[in-house]
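Visitor: I have some questions about how the terms are applied here. Shall we look at the model?

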Amino acid sequence: MTWVNDHWDEIFTLARSHVWLAGLPLILGLLIALPLGWAARRWTRVYPVLISTSGLLYTIPSLALFVMMPLIIGTKVLDPINVVVAMTIYTVALLVRTVADGLGSVPDDVLQAARAMGYRGFRRFFGVELPLAVPVIAAGLRVAAVSNVSIVSVASLIGVSQLGNLLTDGYDRFITEEILAGIVACVVLALIFDGLILLGQRLLTPWLRAQGARS
Amino acid sequence: MIRFDNVTKQYPGGTVAVDDLSLTAPTGRITVFVGPSGCGKTTSLRMINRMIEPTTGTISLDGQDTATMNEAELRRGIGYVIQHAGLFPHRTVLDNVGTVPRLLGWDKKETRERSRELLARVGLAPELADRYPSQLSGGQQQRVGVARALAADPPVMLMDEPFSAVDPVVREQLQDVFLDLQGELGKTIIFVTHDIDEAIKLGDQVAVLRVGGKLAQISDPAYLLAHPVDDFVADFVGRDRGYRSLQFQPTPRLPLANERTVVLGESVADLSVPWVLVVDDAHRPLGWVEPSRIDAEVRTEHLHRGGTVARASGSLRGALDAALSSPSRRGVIVDDSGELVGTVRAHEVLSLIEAADRPDEDRASALAEEGS
């Protein structure tokens with residue numbers, strides 16, 4: 001523990017940037033995936049195209065994507081924006097399908113009823129479809145969150161610092177404790193993300209917990 | 001008044017769901033669409049609120065062509081109830097009921113008051129208001145569905161097999177609640193079912209559709225049972241239509257016999273009749289007992305409950321059934337408060353039936369005129 005005790009400040013600074021680099025893309029990715037997922041449901045021909053494209057995106061190695069970013073969006077090589085954009089792409093790739101499937105999980109008779117009551121457009125989406133898709137979307141978001149926390153650590157190789165630095169630095173200087181600290185910190189962070197999403201889901205879906213109480 | 005004029009629905013690929021349908025659903029009445037599956041009854045229903053657009057022909061609401069109306073506004077003015085209620089699982093019962101008022105821009109408080117009032121109206125306890133649909137039984141959900149459709153007091157209601165997914169006992173309760181409500185509210189209702197008994201019980205007029213979406217016959221239920229236009233309709237209305245048509249024949253004055261009764265708890269040991277009728281303190285019939293099998297006072301477990309009870313103001317079907325089902329062969333007749341007025345024998349009911357006229361006039365056309 002001596003190494004850890006001497007480096008708390010550094011660990012916290014790295015953890016904070018890790019939260020930003022993994023968390024911000026999660027939110028941006030969700031915001032982008034919502035309309036895309038909706039479009040995939042709305043137009044049946046769009047669905048296979050969107051799903052296979054997003055699946056392909058996810059197969060691009062993260063290091064390659066990080067390195068290519070400045071070439072694509074014209075940023076500086078060391079700019080953390082590169083990582084945020086790349087991570088957002090991964091998140092979208094994971095979430096488009098989740099959103100589409102979540103919206104697809106809304107029972108048909110509920111949709112029919114909503115139409116027949118005179119719901120339309122945005123109000124139907126935000127008032128009926130999206131709330132009912134929350135359980136499926138939240139499940140996908142949890143996967144994306146954990147995956148983001150892990151992928152972001154690769155960004156150390158392109159000079160954007162976060163908890164991954166502990167791994168690369170520990171490896172370079174043979175400090176096992178530093179490597180272990182990096183692993184543990186990533187796991188703790190992933191658990192915190194997961195817990196927050198779970199909490200959010202519970203707050204948004206009180207009706208799911210009421211199910212057992214049937215009298 | 002809802003009017004179909006030469007309405008046809010043809011799907012790409014050539015399937016005709018509804019074929020040249022013309023009919024009028026009079027204001028304030030229940031029109032039932034009934035037929036086997038594939039007869040286009042649900043398609044016809046859904047064309048009214050434009051969930052499905054007709055290929056040709058027009059549907060008008062009080063003279064206005066629905067194709068010219070704003071879709072969402074049209075729908076908000078039409079109550080809609082479907083088979084599995086289609087309640088919003090993420091909203092409480094109260095919020096479900098308040099859906100359309102909120103869409104119409106009523107304020108929160110007004111909507112909640114109205115929703116509570118409707119829950120009471122459909123016979124749901126106020127403490128159910130804050131539950132979620134998954135916490136209700138099928139029958140309760142369906143009541144919420146009806147309350148939701150009525151929330152904004154629409155003049156028109158569309159009901160697509162609303163009671164067919166619940167068990168027969170609950171279905172009957174729901175039908176009775178529904179008829180009571182309709183008695184008070186007088187909505188213009190289109191009701192879809194595949195169950196001819198339900199059609200006959202609920203409809204002021206019944207439209208029988210055949211596979212391929214052609215109208216086979218439209219008339220009032222009594223006339224339909226008495227005069228089916230062809231083999232298809234005759235088959236569809238069923239074998240025991242003669243017996244069922246009795247339910248539309250109001251009972252004339254029955255030749256009632258006085259019945260010897262005992263009150264629960266009294267002794268019947270000294271009675272020498274085979275069957276005696278047991279009543280409660282208010283003279284309401286409870287059931288029959290056989291004095292020869294009881295050596296002391298009558299207790300609840302002695303009662304034979306096989307016999308049905310008919311109201312004197314009810315139909316001939318009820319009176320005949322009371323006589324047929326009674327173990328003593330004497331049918332128990334009560335007044336509207338449930339008090340015993342006497343008993344009647346099957347042959348006496350039958351002579352009344354023979355004396356009664358068969359319905360020779362179709363009242364459906366009269367309804368249409370009265371509604372226009």
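Visitor: What area do chain B and chain A bury between them?

Guide: This is a predicted model, where local features need pLDDT of at least 70, side-chain atom pairs count only at pLDDT 80 or more, and totals for chains, interfaces and linings use all residues. Residues are numbered from 1 along each chain as its sequence is written, chains are lettered from A and ligands numbered from 1 in the order in which they are written, and side-chain values use heavy atoms, with hydrogens and water left out. Chain B and chain A bury about 2,400 Å², 57% of it on carbon and sulfur atoms. Buried area is the accessible area (1.4 Å probe) that two parts lose on being put together, summed over both. H90(B), L103(B) and Q135(B) supply 23% of what chain B buries against chain A, more than any other three residues.

Visitor: How many residues does each chain bring to the contact?

Guide: Chain B brings 29 and chain A 23. Contact means heavy atoms within 4.5 Å.

Visitor: Why is L203(A) called exposed?

Guide: Its relative accessibility is 65%. Exposed means over 50%, buried under 20%, partly exposed in between (1.4 Å probe, protein chains only). So L203(A) counts as exposed.

Visitor: Where does L203(A) sit?

Guide: In helix 9 of chain A, residues 176–204. Helices are DSSP runs (H or I, at least four residues), numbered from the N terminus.

Visitor: How much of chain A is buried?

Guide: Of its 215 residues, 45% count as buried.

Note on methods:
Helices (H or I, at least four residues) and strands (E, at least two) are DSSP runs, numbered from the N terminus.
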